Amino acid sequence: MSFNIDAVGEELTDAVTEAFENMAFAEVESCEDVETLPSGIDAYCVTVDTLNPFKSKVAIIIDREASEELVMDMYGGDIEDVNEEIMNDALAEIGNTVVGRFLSRVVDEGQEFSLGFPECELYDGARYNRQKNDHTRLYDLDIDDYHIYCILESRN
């Protein structure tokens, strides 16, 4: 199955919005389709590949401070209690949830879908396409004074 990247982009941002509103009780104030991502972002990046019914890569870039607050809320503790492994696991689970919701929105009811294992690491702008092009869309979601960036890249 091929997909129209512009048609599914809204479904991705809706999935991110829904996940953050439900998991972090954070209100999405705005969402914009952008041409480039800013450089020098101090953030974590979660990536998840969609494997079926179409191939794509979704990257969710979450500001480090927002990530720490989110994970502290999830674990109910202080940041001192959260090590790098816990941080990566929690953010990977958020990425998995977001991409699962995204795929459930774009496939027909009853159609199977699959996704790869989520990966989380510190964001390195040099490793990601920060420019919109024919196969890549970029989104900037303003959530409670933080920005969460999403990259949707077609792999078909």
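In the predicted model, Asp-33 lies within strand S1, which comprises residues 28-34. When neighbours within four places in sequence are left aside, the contacts of Asp-33 are with Lys-132, Leu-138 and Tyr-139. Leu-12 is 21 residues away from Asp-33 along the chain, and the C-alpha atoms of these two residues are separated by 12 Å.

One of the contact partners of Asp-33, Leu-138, is included in a separate nonpolar core of 12 residues, together with Cys-45, Tyr-128 and Ile-151 among others. The largest nonpolar core holds 39 residues, and the members that touch the most others are Leu-12, Phe-20, Leu-91, Val-98, Phe-102 and Leu-152. Two or more residues are given to this core by each of H1, S2, S3, H2, H3, strand S6 (136-143) and S7, with helix H3 giving the most, at 10 residues. For Val-98, again leaving aside neighbours within four places in sequence, contacts are found with Leu-12, Ala-15, Val-16, Ala-19 and Ile-60.

Phe-102 also takes part in the 1 aromatic pair that the structure holds. The ring centres of Phe-54 and Phe-102 are 6.4 Å apart and the ring planes stand at 75°, so the arrangement is edge-to-face. The pair joins distant parts of the chain, since Phe-54 is situated in the loop between S2 and S3 whereas Phe-102 belongs to helix H3, at a separation of 48 residues. Both Phe-54 and Phe-102 are buried.

Helix H2, spanning residues 64-75, contains 12 residues and extends 16 Å from its first C-alpha to its last, close to the 16 Å expected at 1.5 Å a residue. Its buried residues are Ala-66, Ser-67, Leu-70 and Val-71; viewed down the axis of H2, the buried residues fall within an arc of 130°, and they therefore line one face of the helix. The packing partners of these buried residues are helix H1 (5-23), strand S2 (43-52), strand S3 (56-63), helix H3 (84-106) and strand S7 (146-154). At the start of H2, the backbone nitrogen of Glu-65 has a side-chain oxygen of Asp-63 within 2.9 Å, while after the helix comes Gly-76, which has a positive phi near 65°.

Terms used:
Residues are numbered from 1 along each chain as its sequence is written. This is a predicted model: local features need pLDDT of at least 70, side-chain atom pairs count only at pLDDT 80 or more; totals for chains, interfaces and linings use all residues. Side-chain values use heavy atoms; hydrogens and water are left out. Helices (H or I, at least four residues) and strands (E, at least two) are DSSP runs, numbered from the N terminus. The expected span of a helix is 1.5 Å times one less than its number of residues. Buried means under 20% relative accessible area, exposed over 50%, partly exposed in between (1.4 Å probe, protein chains only). The arc is that of the directions from the helix axis to the C-beta atoms. Contact means heavy atoms within 4.5 Å. A polar contact is a pair of N or O atoms within 3.5 Å; within protein, one must be able to donate a hydrogen and the other to accept it, and residues adjacent in sequence count only if both atoms are side-chain atoms. Rings of Phe, Tyr and Trp (its six-membered ring) pair if their centres lie within 6.5 Å; planes under 30 degrees apart count as stacked, over 60 as edge-to-face and the rest as tilted. A nonpolar core is a set of buried Ala, Val, Leu, Ile, Met, Phe, Trp, Tyr and Cys residues joined through side-chain atoms within 4.5 Å.
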